[in-house]
Amino acid sequence: MLAAFLFIVLFAVGVSYFFEIDSRRSEFNQAKSLLESNQAGIVNKQAQIDALRVQYDAARVVVERNSSLSDTKSKLTREIAELKAEREKLIVDFAAQVTKVRSATEGAELGVITLATGQGLQGAKVQKVGEEDVTLTHTLGVTKVAPENLPPDLQQKFRYGKVPFTLLKPGAEPTPVVAAPAAGTAPSATSTLAKANKIQMEIDQKQNQINQLEQVRRQWLDKAGQMRNQASTAQSNGRPSYTFNAQAAQCEQNANQASQQSLALKNEIARLQADLANAAVGK
């Protein structure tokens, strides 16, 4: 009797110890699963941090590029102003030289000339060259001739209707103004290129985000598969499988969210590609 009693006691202690070990193993597996889930969450957060870092780097490049373009624009504007001033000085000097040539021809003998009106002048001599007409003396007296009625060689000699005087007339050549394109006008090549580069940078940035989201989605799906396998093993061994199945469902939901975010980014890329095509043709 004593031996049987001791056997029963030992058997009960062994069974209790076995269930205690099994319970501890289940708790260990749940803790391990929770740890792996937290690790996956850390990977997801790291992916988000990397995506934000890409955005930051892209924004910094845009700022630096815009600053460079602004400096270049200021330099070109200054150089254009200096060149325009030099050009205007050359035009004025040229006009002064032409005026001297006109004055020097006063008293010059032209002989016989035929005007555009058909009138012929004998013994023509230059008396005065003005901006509106030329005064000529001839055998029959004095005649003022409009520039367009002079023979072509005299029009060329006196620079009528030609530079520099055509450039000195008000409104003959308006000064270009550097400004943003108004509505309905074509943008400059520089602004078009800057716009296209900015759009392309946004496309590259979003493509990097898609690649990161695809990696995260695969990690969540792999984790869900592991949870399903552990749930199946636990069920085969007669242990609870609810926790594993719940964690697998959460992993699958996280993977689905990553897939939806990736799809939204692809739609954004399609829109940006359309904007890039319009920018290429100056729209």
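Tutor: Let's start with E88, which is partly exposed at a relative accessible area of 39% (buried is under 20%, exposed over 50%, partly exposed in between, with a 1.4 Å probe and protein chains only). This is a predicted model, where local features need pLDDT of at least 70, side-chain atom pairs need 80 or more, and totals for chains, interfaces and linings use all residues. Residues are numbered from 1 along each chain as its sequence is written, and side-chain values use heavy atoms, without hydrogens or water.

The partner of E88 is K84, with their closest N and O atoms 3.8 Å apart in a salt bridge (a Lys or Arg side-chain nitrogen within 4 Å of an Asp or Glu carboxyl oxygen). K84 is also partly exposed, at 28%. Both lie in helix 1, residues 2-104, about one turn apart (helices are DSSP runs of H or I, at least four residues, and strands are E runs of at least two, numbered from the N terminus).

Now compare E131 and R102, whose closest N and O atoms are 3.0 Å apart. E131 lies in the loop between strand 2 and strand 3 and R102 in helix 1, so this pair ties together parts 29 residues apart in sequence. E131 is partly exposed at 41%, whereas R102 is buried at 6%. R102 is also among the residues that F158 touches (heavy atoms within 4.5 Å).

Finally, R271 and E268 bridge at 2.9 Å. They are 3 residues apart in helix 5, residues 242-280, about one helical turn. R271 is partly exposed at 42%, and E268 is partly exposed at 30%. The whole structure has 6 salt bridges.

Note on methods:
Lists of a residue's contacts leave out its neighbours within four places in sequence.
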